[in-house]
Each structure stands twice: as structure tokens, then as C-alpha cells.
Amino acid sequence: MTIPNRPRYATRLNAFKRKGDTVAEMIERAGQVGGLNAADLNFPDHFDHHFPAELTNLLQKSNMALNGLAMRYYTDPGFRLGAFTHPDPTVRRAAIDITKRGLDALAQMGGTVMTVWLGQDGFDYSFQGDYDRMWDDTLAALAEICDHNPALDISIEYKPNEPRSWSVLPDMATTLHAIRDVARPNLGVTLDFCHMLFAGEVPAKSATLAARHCRIMGVHLNDGYGKRDDGLIAGTVHPVQTVELFWTLDRLGYDGVIYFDTFPDHGGMDPVQESRANLALTERLRTIATGLKDDPALTAAMAGQDAATTTRIIARALYGA
């Protein structure tokens, strides 16, 4: 199902940021990684000193495509108490309006997907907020930004918490409830591997559930220990679960870009080398998943919930055991 000349892998641009770097320098450094052919830009921070056309040119000079834009409300201290759920209606209006400006920039750059992460929308204490109102305000905002330009997709990237203690959209089930209630065809979900682990979910199961009720609009690949958003190199902690996710996405017909949402900057790694490690391990795990797609022994063992046999099959594929 791969479309010729279509970007296959994208990156979190801020992974390439060094102190004092400009957006242009981050794009140039990301373009040094062979096989990494797209990037996501954050709105509004990556647009502070550049018009959309300038950013398009910078990407093209580095032989990179635009994968999409991601809204970032946390750069404005006025949104600390919430963007779409802020108790002040003028602040909620400001959050919606800045999202619409982001969508306009996305359209100007020829992109199609805006990823919305509502990390600041939530609460920290019992009795801090009215849950009904927070839910209604979130849905009303999502509906309005979906209607701003129906040709553009709005993808929800859910996360259990951080920076707020509790998020309004913390997991797949809650997010699917919101998507159902908003009822817009251009509203879907982004699967973030670490966020799913953090939410106590099995990534392949969450992908299966998502595909039953909406469109999967993005896949953020990384890894971690399930206690926080570690952003480690993909497949380094959960290789079996990563293979299972790829196996599932292949069966679901997902043909979108795989976006590396990893944090080499947290550990002081060279982002170019970290990205190359991401690509190498991901390609290996995807090849394994593809080889297992039509394996009759695996299919039969799964039908009988025979974990011993499936474990041997996966171990042989991964380790030659």
C-alpha cells in the first residue's frame, strides 16, 4: 500500500535543537539523516520568525517534506490553567483563534494534518473544576476548529497527564468518546507509543480499537518504561509490542508516516546518530512484522490463544531462537 515518493519517516524537529539554534538550523540538521524525509513543525513557536512560505522553502532545501503541524499552547503562560477548558471564556476564545491561525498556516504550506495535544487541559485537585463544563468546552472547541477548514484533519494526541495531574483526554477510550460526540469526519486520533504505555494500554489493542471508530491520522513512535513520557529510541524497551503494533497497523491498512517522537536531548545524545538508530531498528522491526503478516502458524496459534506457540514464533523472528 506504499505510495511512491511519499515520505515514510518524520521527526520531532525540536529533537535537533541546540542552545541558540534557529528553526532553519534544526531543519538543516534533520536533513542530514538519510531516510528521514519529513518533519512536523510546532505552531506557533516555529513560526515566530518565519512565514509559512519561508518554512516550506527551508524544508525543500533539506529535501524534507512537511508531515504536519502540531499545536503548542504551553509556550503562552496564559494557557497554564487550560486552553480549551480555561475558566475564562476570553482565554478559551484565544486558544481557538490561535488554532485557526495554525490551520491557515498548515493550508498555506500544503499540509493536511494538525495534531492537537491538550496537555494543559485538565485539573490537579478534586473540586478544582466542573467536569461537565470542561468536557463540553473541549468538544465545542474541537467542533469549531474542525469546521474552520473541513479539508484539514484534526488529530487528537491523548496523554494521561503532564503537565496537569489529570488530562481531560487521558486515554483511547475517553478520546473515542470525544470523537463520537463531536461527530466530525475530519477528527481522528494520533497513536503515541509512550502515551499508550503511560495510559496502561497495549498499543496494538488501542490501534485496533481506534480503527473501529475513527481514522488513525498519525503514529508517534518511541519507547519507554510506562511511568512517564520517556521518548526513548523506538523498540529498545518493548520490541515485541512494537512488532505487534506494526503487524496490526499493516493489517488495518495504515499507510501514513511514522513520526519519531523521541528525546535525544534529554540524555545528551547526538540527534543525528539517535535518528539513525531509530531508523535502523524500526526498519528491522517493520520487516519482521511484514514477514509475520500471513504466517499461518501464527494465525492459528492466535486463534487458539496459544501464547506458548506465539511466543516461540515471535522469538524466532526476533532473535532466531
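Modeller: Helices α4 and α5 cross in a right-handed sense; a crossing is right-handed if the near helix is turned clockwise from the far one by less than a right angle, and left-handed if anticlockwise. Helices (H or I, at least four residues) and strands (E, at least two) are DSSP runs, numbered from the N terminus. The model is predicted, with local features needing pLDDT of at least 70 and side-chain atom pairs counting only at pLDDT 80 or more, while totals for chains, interfaces and linings use all residues. Residues are numbered from 1 along each chain as its sequence is written, and side-chain values use heavy atoms, with hydrogens and water left out.

Axes here are lines fitted to C-alpha atoms, for helices over the stretch in contact, and angles run from 0 to 180 degrees between N-to-C directions. On the α4 side the contact is made by W135, L139, L142 and A143, and on the α5 side by T174, H177, A178, D181 and V182; contact means heavy atoms within 4.5 Å. Sorted by class, this contact has six nonpolar, two polar and one charged residues. Ala, Val, Leu, Ile, Met, Phe, Trp, Tyr, Cys and Pro count as nonpolar, Asp, Glu, Lys and Arg as charged, and the others, Gly among them, as polar.

E144 sits in α4 and K100 in α3, so the pair, 44 residues apart, links distant parts of the chain. Side chains of opposite charge can pair when their charged atoms come close.

Helix α3 (residues 89–108) lies across β2, β3, β4 (113–116) and β6 (153–157), and runs at about 175 degrees to β3. Helix α8 (residues 239–252) packs on the sheet as well, touching β8 (187–192), β9 (216–221) and β10 (258–260), and its direction makes about 160 degrees with that of β9.

Eight strands close into a barrel with parallel pairing, in the order β1-β2-β3-β4-β6-β8-β9-β10. Neighbouring strands in this sheet are turned against each other by 30 degrees on average, direction ignored. Two strands pair if DSSP finds at least two bridges between them. Strand β2 (residues 38–43) pairs with β3 (residues 65–71) in the parallel sense over six bridges, and the partner of D40 in β3 is G68. D40 is also the bridge partner in β2 of R12; β1 and β2 pair in the parallel sense over three bridges. Strand β1 (residues 9–12) has a parallel pairing with β10 too, over three bridges, in which Y9 stands opposite I258.

Helix α8 has a helix partner, α9 (residues 271–292), at about 55 degrees and with the axes 8 Å apart. These two are therefore oblique to each other, and the crossing is right-handed. The contact is made by P239, T242, V243, F246, W247 and D250 of α8 and by T282, L285, R286, I288, A289, T290 and L292 of α9. Its residues divide into eight nonpolar, three polar and two charged.

Some backbone details belong to the loops. F127, in the loop between β5 (122–123) and α4, has a positive phi of about 65 degrees although it is not a glycine. The peptide bond from F43 to P44 is cis, with omega near 10 degrees; P44 is in the loop between β2 and α2 (52–61). The bond from E162 to P163 is cis, with omega near 10 degrees, and P163 lies in the loop between β6 and β7 (166–167).

Key
Angles under 35 degrees count as roughly parallel, over 145 as roughly antiparallel, 65 to 115 as roughly perpendicular and the rest as oblique.
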